[in-house]
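Let's take a walk through this one together, starting with the overall layout and then zooming in on a few side chains.

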Amino acid sequence: MNSPVGFLRRRLTTKLPPHLPPATTTRPTPAAPAARVLVECTECGTPGPSEALPDGLCRPCRETCATGPGDPSPTLPAPPDIKTHMANLRNLLKPV
């Protein structure tokens, strides 16, 4: 151990990481099922799975929006004034 080359060779070989086992060719099976996505009712905001909220409405909101054969169709609210809405948004973005 009087040579610097021998000292360096020994230090490098003792500090090598252990040999890894060969990689397997089979895919591991997933341990947990995929995460489910919850959506909200567009009327009341009740969370639930997408299968339970067809057309974006929960059952109570669908029942209140459903019309019978003799009932007139529900009237939709008037669309908001876009220019006023955008002006309000721009006012919110202005620094104080």
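This is a predicted model: local features need pLDDT of at least 70, side-chain atom pairs count only at pLDDT 80 or more; totals for chains, interfaces and linings use all residues.

**From the fold to the cysteines**

Follow the chain along its sequence and you get the pattern α-β-β-α-α.

How much of the chain counts as buried? The accessible surface comes to about 9,500 Å², and carbon and sulfur atoms account for 63% of that. As for contacts between residues at least 6 apart in sequence, 0% of them join residues at least 24 apart.

Now have a look at helix α3, which spans residues 82–93 and includes isoleucine 82. Isoleucine 82 is exposed, its relative accessible area being 55%. It belongs to a nonpolar patch on the surface, along with Met86, Leu89 and Leu92. Together, the four have about 390 Å² of accessible area.

On to the cysteines. How many disulfides does the structure hold? The count is 0. Take cysteine 44: its closest cysteine sulfur is the one in cysteine 58, and because the two sulfurs are 3.7 Å apart, they are too far from each other for a bond. The cut-off for a disulfide is a sulfur pair within 2.5 Å. Cysteine 61 is in no disulfide either, and its nearest cysteine sulfur is again that of cysteine 58, 3.5 Å away.

Are these side chains buried or exposed? Cysteine 44 is partly exposed, with a relative accessible area of 43%, while cysteine 61 is buried, at 12%.

Terms used: Residues are numbered from 1 along each chain as its sequence is written. Side-chain values use heavy atoms; hydrogens and water are left out. Patches are made of residues with over 30% relative accessible area and no salt bridge: like charges are joined within 9 Å, nonpolar side chains (Val, Leu, Ile, Met, Phe, Trp, Tyr) within 5 Å. Accessible areas come from the Shrake-Rupley method with a 1.4 Å probe; for residues, only the protein chains shown count as cover. A salt bridge is a side-chain nitrogen of Lys or Arg within 4 Å of a carboxyl oxygen of Asp or Glu. Helices (H or I, at least four residues) and strands (E, at least two) are DSSP runs, numbered from the N terminus. Buried means under 20% relative accessible area, exposed over 50%, partly exposed in between (1.4 Å probe, protein chains only). Contact means heavy atoms within 4.5 Å.
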